[in-house]
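Here are some notes to read with the model open beside you. Have a look and follow along point by point.

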Amino acid sequence: MKIEEFQERLSANGIALTSEQMAQFETYYHTLVEWNEKMNLTAITEKGEVYLKHFFDSITAAFYHDFNGSASLCDVGAGAGFPSIPIKIAFPELRITIVDSLNKRITFLEHLAKQLKLENVQFIHDRAETFGQKKEHREAYDIVTARAVARLSVLSELCLPLVKVSGTFIAMKAASANEEIDAGTKAIATLGGKIEKLHSFQLPIEESDRNIVIIKKEKPTPKKYPRKPGIPNKTPIE
């Protein structure tokens, strides 16, 4: 994806980026490639592919959910910052928290935030299972995002405990969303959520399938969830 097309396609979806925001994406790209030489952040490093498969793909969540305003957003297992940092660049008033289990990725994100001059961002080294039991983070966020981290039944246990009642969990998935939704329905209901909408589309140029699952938090998550590290993955609620 050429940079001009990146900007044009976002604009066609109502997201107009300034020259300063476009410069932030350029800085993001160069910082990502530079750090990727010393630690494994991404297998995708060609510029057009980063703009398509990381930057544009991340922001597609904003085609289906309103990120305007100063909502609090927690991104679980964001890796090199996807989807929350591209969303933050596009919607600078958001207050972003990223939790990731690898400390070296947190180090990268802290450096990246300084390079991009981002405000109202925090990066926390923790397992999602223990993070979701901490009083200051439990049911504290308007929006929680996760991009292809685990299957939906597992993701729901890691993410829904962090969502405020009446808040939104946005799961960004590739092709297997319908099967995952069938398997994850019980977990979502158990954890206090309800699927509001499934948005299916194709990523432009390469025409690969994408699915964005919008889940509303309707009632508090029972205290025992999330369970201890590793257990959601080994014995998902299905």
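1. Helices here are DSSP runs of H or I, at least four residues, and strands are E runs of at least two, numbered from the N terminus. This is a predicted model, where local features need pLDDT of at least 70, side-chain atom pairs count only at pLDDT 80 or more, and totals for chains, interfaces and linings use all residues. Residues are numbered from 1 along each chain as its sequence is written, and side-chain values use heavy atoms, without hydrogens and water.

2. What does helix 3 pack against? Its buried residues pack against several elements, including helix 1 (3–12), helix 2 (19–36) and strand 5 (163–173). Tyr 51, Phe 55 and Phe 56 are among those buried residues.

3. Of its 51 residues, Phe 6, Phe 55, Phe 67, Ile 85 and Phe 108 touch the most other members. A second, separate core of 28 residues includes Phe 169 and Leu 191.

4. Check Thr 221, in the loop between strand 7 and helix 9 (231–234). Thr 221 counts as buried because its relative accessibility is 6%. Its side chain reaches the backbone oxygen of Leu 191 at 2.7 Å.

Technical notes:
Buried means under 20% relative accessible area, exposed over 50%, partly exposed in between (1.4 Å probe, protein chains only). Contact means heavy atoms within 4.5 Å. A nonpolar core is a set of buried Ala, Val, Leu, Ile, Met, Phe, Trp, Tyr and Cys residues joined through side-chain atoms within 4.5 Å. A polar contact is a pair of N or O atoms within 3.5 Å; within protein, one must be able to donate a hydrogen and the other to accept it, and residues adjacent in sequence count only if both atoms are side-chain atoms.
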